[in-house]
Amino acid sequence: LDVRARARELDGFAGAHDAHLAIHLQANAAAWSVGYLHQCAGRHGFIPGTMPGRLVLPGVEEGSPPVLVLSFDAQAALSDDLQQAAVRRLTVSLDVAQTNEVADPFGTWQAVIRALAAEMDATAVDDDDRPITLQHYTTIASELKTLYSALESRDMAAGSAVARRLFQ
């Protein structure tokens, strides 16, 4: 009974502290080709992922999970002519528990979003297509500090082996 109670408590904690951040980049004018998307993302360190329509920014350590994932329409990624497949929206996401806070994954996420938005003539938007402002980033950063502290207090620091297994 004690083990079940601890498992329930851990499950409740994990459910309340599993944070995935995602912001969409919406094309302002012309759609992007998949080739152009790969080219722009590649300049920021992204490499093709294992699934169509996914590019990843690899972690520093070999075998570690990606720091960021850039995803877009898998149908466009599977097109016969990648220069003709049109993409108007992509998502840049961060799985908070998978990368150590010291590596500043949030800062990297924010910088990549801003750089890609400027380079690709896009607007950063939320799930409801509302533009993301500096205030949004400030609020998220504040909430992340609280999350990192909560994880640390339970000996499950973001990026640790325990956190990676628990929040997989």
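These legends walk you through several views of a predicted model.

Figure 1. Let's begin with the overview before zooming in. The protein chain holds six helices and eight strands, and reading along the sequence gives the pattern α-β-β-α-β-β-β-α-β-β-α-β-α-α. Along its principal axes, the C-alpha trace spans about 60 × 35 × 25 Å. How much of the chain is made up of buried residues? Of the 168 residues, 39% are buried.

**Figure 2. The buried side of helix 2.** This view shows helix 2, which runs over residues 34-42. Which of its residues are buried? Look for Val34, Leu37, Cys40 and Ala41, which are buried in this helix. These residues lie on the same side of helix 2, because they cover an arc of only 125 degrees around the axis.

Figure 3. In sequence, Leu116 and Cys40 are 76 residues apart, yet their C-alpha atoms are 7.2 Å apart in space. Is Leu116 buried or exposed? Its relative accessibility is 0%, so Leu116 counts as buried. Cys40 is also one of the buried residues of helix 2.

Figure 4. Ser79 sits in the loop between helix 3 (74-77) and strand 6 (86-87). How far apart are Ser79 and Leu37 in space? From C-alpha to C-alpha they are 14 Å apart, and 42 residues separate them in sequence. Leu37 is buried, whereas Ser79 is partly exposed, with a relative accessible area of 27%.

**Figure 5. A salt bridge between Arg89 and Asp129.** Side chains of opposite charge can pair when their charged atoms come close. A search of the whole structure finds four salt bridges, and this view shows the one in which the side chains of Arg89 and Asp129 meet, at 2.6 Å from N to O. Arg89 belongs to strand 7, while Asp129 is in the loop between strand 8 (122-125) and helix 5 (134-153), so the pair ties together parts that are 40 residues apart in sequence. Arg89 is partly exposed, with a relative accessible area of 28%. Asp129 counts as partly exposed too, at 46% relative accessibility.

**Figure 6. A network of salt bridges around Arg130.** Which residues are linked in a network here? They are Asp126, Asp128 and Arg130, joined by salt bridges. Between Arg130 and Asp126, the closest N and O atoms are 3.0 Å apart. In the salt bridge between Arg130 and Asp128, the N to O distance is 3.4 Å. Asp126 counts as buried at 16% relative accessibility, and Arg130 counts as partly exposed at 49%. Asp128 is exposed, with a relative accessible area of 54%.

Figure 7. Take a moment to find Asp104, which lies in the loop between strand 7 (89-95) and helix 4 (105-120). At 42% relative accessibility, Asp104 counts as partly exposed. Keep your eye on this residue for the next view.

Figure 8. Most residues other than glycine have a negative phi, and most peptide bonds are trans. Against that background, what is the phi of Asp104? It is positive, at about 55 degrees, although Asp104 is not a glycine. Asp121 has a positive phi of about 55 degrees as well, and it is not a glycine either. You can find Asp104 in the loop between strand 7 and helix 4, and Asp121 in the loop between helix 4 and strand 8. Asp121 is partly exposed, with a relative accessible area of 42%.

How values were computed: Residues are numbered from 1 along each chain as its sequence is written. This is a predicted model: local features need pLDDT of at least 70, side-chain atom pairs count only at pLDDT 80 or more; totals for chains, interfaces and linings use all residues. Side-chain values use heavy atoms; hydrogens and water are left out. Buried means under 20% relative accessible area, exposed over 50%, partly exposed in between (1.4 Å probe, protein chains only). Helices (H or I, at least four residues) and strands (E, at least two) are DSSP runs, numbered from the N terminus. The arc is that of the directions from the helix axis to the C-beta atoms.
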